[in-house]
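Try each task before reading its solution.

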There are 2 protein chains.
Amino acid sequence: MNLEERVLKSESIYNGAIISVERELVELPDKQTAHREIVHHADAVGILAITNDNKIILEKQWREPVRKPTIEIPAGKLDRRDGNFVDAVKRELNEEIRYEANNVERITGFYSSVGFSDEYMELYLATDLHPVGQELPRDKGEFLEIQEKTLEEAMAMVDSGEIEDAKTIMAIWYWQLKTIK
Amino acid sequence: MNLEERVLKSESIYNGAIISVERELVELPDKQTAHREIVHHADAVGILAITNDNKIILEKQWREPVRKPTIEIPAGKLDRRDGNFVDAVKRELNEEIRYEANNVERITGFYSSVGFSDEYMELYLATDLHPVGQELPRDKGEFLEIQEKTLEEAMAMVDSGEIEDAKTIMAIWYWQLKTIK
């Protein structure tokens with residue numbers, strides 16, 4: 001079955017600091033046309049960072065899109081300083097939780113919300129942590145409260161709805177799978 | 001620690017069919033200011049639908065934001081016909097995979113990408129499936145290829161990168177956890 005949509009026209013709606021928005025007119029497989037709205041966003045990393053006493057490191061931070069604080073794993077966009085995803089993992093570990101990891105492993109990669117956005121995130125496991133020698137400056141406007149939780153505590157926070165961030169729930173379920181197997 | 005950001009000014013950038021975009025000027029906890037870009041999107045459901053012979057139902061469809069087909073669990077936005085999330089689950093099961101479920105259970109709820117969007121999705125388990133009596137019309141421009149996969153096949157598709165959709169990886173890991181426990 002041919003599923004491809006052919007772009008007939010593309011219009012730039014907005015070019016912002018974090019996102020850009022585009023509106024396309026596409027030809028569908030049945031030759032009808034439709035509009036598609038697309039939010040472009042940088043690639044990103046999320047990090048399941050496990051301390052040497054087997055706790056997950058979480059951050060509480062204000063998220064303006066939902067007008068409340070959320071509890072999440074360390075994460076961040078790739079930026080011009082990063083050569084690749086692993087560089088971004090190391091930078092975010094330093095900037096956000098002030099750790100270096102002797103072990104960094106890729107878990108998986110995914111589109112966050114492929115219906116309207118191209119944001120692609122890779123999820124990493126970081127273990128064998130030690131405090132950084134030299135702290136990198138945090139992004140302007142980044143205020144974080146760091147928490148460390150056991151697997152049982154983290155699972156309870158997902159069940160209660162205290163954690164309601166997709167990448168964080170993924171990381172906790174992966175950790176649980178890894179622990180059970 | 002006070003994390004709240006106070007909105008000083010808000011500007012509407014775009015009002016589309018699927019998304020709307022807003023740009024805010026906020027006051028940070030340290031009284032500095034920053035801009036926030038926010039993509040508003042309807043709430044949505046994702047469905048881990050398991051057949052009576054224990055296979056997950058997946059859909060292959062073109063996703064214009066990433067210019068390729070992706071493999072995903074059935075999902076969809078809540079619309080004006082839906083009173084609640086469970087109504088949306090039943091409608092999407094009918095429209096997309098032509099099944100009714102005798103058992104529908106909420107698994108969890110999450111923000112897809114809380115850094116820039118307010119999209120909130122609830123993930124449901126649907127089991128005890130039987131073919132629908134009356135088929136609802138699909139959305140215009142919705143072309144789907146349906147697949148059924150065992151847990152082992154689905155896990156291999158995540159590992160190989162053939163599946164790279166966040167909600168779908170979550171659903172498969174949840175299914176694996178439920179099977180192991």
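Two residues are in contact when they have heavy atoms within 4.5 Å of each other. Keep in mind that this is a predicted model.

**Exercise 1. Find B:Asp139 and work out which residues it touches, not counting those up to four places away in sequence.**

Step 1: locate the residue. B:Asp139 sits in the loop between β9 and β10 (145–149) of chain B.

Step 2: apply the contact rule. Skipping residues up to four places away in sequence, B:Asp139 touches B:Arg81 and B:Glu95.

Step 3: check accessibility. B:Asp139 has 38%, so it is partly exposed.

Step 4: B:Val158 is 19 residues from B:Asp139 along the chain, and their C-alpha atoms are separated by 28 Å.

Step 5: now look at B:Pro137, which is also in the loop between β9 and β10 of chain B. This proline counts as exposed, at 61% relative accessibility. B:Pro137 and B:Glu96 are 41 residues apart in sequence, yet 9.1 Å apart in space, C-alpha to C-alpha.

**Exercise 2. Describe the overall build of chain A: how many helices and strands does it have, and in what pattern?**

Step 1: read along the sequence. The pattern for chain A is β-β-β-β-β-β-β-α-β-β-β-α-α.

Step 2: get the dimensions. The C-alpha trace of chain A spans about 60 × 35 × 30 Å along its principal axes.

Step 3: ask how much is hidden. Chain A has 181 residues, and 55% of them count as buried.

Step 4: see how far apart in sequence the partners are. Take the contacts in chain A between residues at least 6 apart in sequence: 56% of these join residues at least 24 apart.

**Exercise 3. Is A:Glu27 buried or exposed, and which residues is it in contact with?**

Step 1: You'll find it in strand β2 (residues 19–27) of chain A.

Step 2: compare its accessibility with the cut-off. Buried means under 20% relative accessible area. A:Glu27 comes in at 16%, so it is buried.

Step 3: list the contacts. Leaving aside neighbours within four places in sequence, A:Glu27 is in contact with A:Glu4, A:Glu5, A:Arg6, A:Leu8, A:Gln32 and A:Thr33.

**Exercise 4. Work out how chain B relates to chain A, and through which surface the copies meet.**

Step 1: In chain B, 70 residues are in contact with 70 residues of chain A.

Step 2: compare the two sides. The copies meet through the same surface, because 100% of the interface residues of chain B are also interface residues in chain A.

Step 3: Chain B and chain A bury about 6,200 Å² between them, with 68% of it on carbon and sulfur atoms.

Step 4: look for charged and polar pairs. The rule finds two salt bridges across the interface of chain B and chain A, and 20 residue pairs in polar contact. The side of chain B that touches chain A gets at least two residues from each of several elements, including β1 (6–15), β8 (99–111) and α3. The largest share, eight residues, comes from α3(B).

**Exercise 5. What is the phi of B:Arg67, and with which residue does it form a salt bridge?**

Step 1: find B:Arg67 in the loop between β5 and β6 of chain B. B:Arg67 is partly exposed, with a relative accessible area of 37%.

Step 2: check the backbone. Phi of B:Arg67 is near 55°, a positive value in a residue other than glycine.

Step 3: follow the side chain. B:Arg67 forms a salt bridge with A:Glu4, and the closest N and O atoms are 3.7 Å apart.

Key
Residues numbered from 1 in each chain as written. Chains lettered and ligands numbered in written order. Predicted model: local features only at pLDDT ≥ 70, side-chain atom pairs only at ≥ 80, totals over all residues. Heavy atoms only, no water. Least-squares fit on C-alpha atoms with pLDDT ≥ 70 in both. Buried area = accessible area lost by both parts, 1.4 Å probe. Salt bridge = Lys/Arg side-chain N within 4 Å of Asp/Glu carboxyl O. Polar contact = N/O pair within 3.5 Å; in protein donor to acceptor, adjacent residues only side chain to side chain. Helix = DSSP H or I, 4+ residues; strand = E, 2+ residues; numbered from the N terminus. Buried < 20%, exposed > 50% of the residue type's maximum accessible area, 1.4 Å probe, protein only.
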